[in-house]
Amino acid sequence: MKTNVIYTNEQIRERISQLGEEISRSYSDDRPVLCICVLRGAVMFFTELVQKIRGEVVLDFMTLSSYDSGTSSSGKVRLVNGIREDVKGKHVLIVEDIIDSGHTIKFLREYFSEKDPVDVKVACLLDKPMTRQVHADVDFKAFTLEKPSFVIGYGLDYDQHYRNLSNILEVESL
C-alpha cells in the first residue's frame, strides 16, 4: 500500500485543542453535554476531544454500520448498539471520525431529535463535503479534505486495519 501523510499527530492534537475551545464556548448554560462516540472510527478523536471540553460532560458510545466492506458505503445506516444515557434535557454532541456521504449524520440527527434533547450538534475529525449524497450539517470540524481521498490512521480504517496509526494518511494505491 502506498500512502502519504496528510495530517501529523502534532497537527491533529493542536487542532483538537482548538476544537475543544470552540465547542466549550458554544454551550453557554450549565446543562451537561452528552458526548456520543460513534464507534469504532471516532474513538481516538473522541478520547482527545472530550478532555478539551470544559463543563460537565457525560460520555456514551454507539455503533452503527453503513459499510458493506472495505471502502464502499451501502448508503443504509443500521444501529448496531445504542446508547445507555437518557438524552432528554441534555445537549447532545455526536463525535464522528469522518463525514462523507452524510447518511450517518442524517440518521443520527433524526434519531436523537425524537428523544427531546436541548440540541444536537456534530463534531468530526474529517469533513469530506465533495462526497455528500444527502445534506449533513457539521457544527465542528477539525479538518476538511480538499479532494475525495481515502484516508487511514488515527481511528480511520481500511477493512478494520490501520486504526492505530498516529497520523492521518491518504491511501494513494492499495
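**Reading contacts in a predicted model**

Student: What is the relative accessible area of Lys147?

Tutor: Lys147 has a relative accessible area of 47% and is partly exposed. Buried means under 20%, exposed over 50%, and partly exposed in between, with a 1.4 Å probe and protein chains only. This is a predicted model, in which local features need pLDDT of at least 70 and side-chain atom pairs count only at pLDDT 80 or more, while totals for chains, interfaces and linings use all residues. Residues are numbered from 1 along each chain as its sequence is written, and side-chain values use heavy atoms, leaving out hydrogens and water.

Student: Which residue meets Lys147 in a salt bridge?

Tutor: A salt bridge is a side-chain nitrogen of Lys or Arg within 4 Å of a carboxyl oxygen of Asp or Glu. Here the partner of Lys147 is Glu170, at 3.2 Å from N to O. The two lie 23 residues apart and link distant parts of the chain: Glu170 is in strand S9, and Lys147 is in the loop between strand S7 (140-144) and S8. Strands (E, at least two residues) and helices (H or I, at least four) are DSSP runs, numbered from the N terminus. Glu170 counts as buried because its relative accessibility is 10%.

Student: How many salt bridges does the whole structure hold?

Tutor: The search finds 12. Among them is the pair of Lys2 and Glu172, at 3.6 Å from N to O. Lys2 in strand S1 (residues 2-7) and Glu172 in strand S9 are 170 residues apart, so this pair also links distant parts of the chain. Lys2 is exposed at 52%, whereas Glu172 is partly exposed at 41%.

Student: How many aromatic pairs are there, and how is such a pair read?

Tutor: A pair of aromatic rings is described by the distance of the centres and the angle of the planes. Rings of Phe, Tyr and Trp (its six-membered ring) pair if their centres lie within 6.5 Å; planes under 30 degrees apart are stacked, over 60 edge-to-face, and the rest tilted. The count comes to 5 aromatic pairs. One of them, Phe107 with Tyr111, is stacked, at 6.0 Å centre to centre and 15° between the planes. These two residues are separated by about one helical turn, because they stand 4 residues apart in helix H3 (residues 103-113). Phe150 and Tyr158 are edge-to-face, because their planes lie at 85°, with the centres 6.0 Å apart.

Student: Which charged residue sits over the ring of Tyr111?

Tutor: A charge sits over a ring if NZ of Lys or CZ of Arg is within 6 Å of the ring centre and within 35 degrees of the ring normal. For Tyr111 the residue is Lys115, whose charged end is 4.5 Å from the ring centre.
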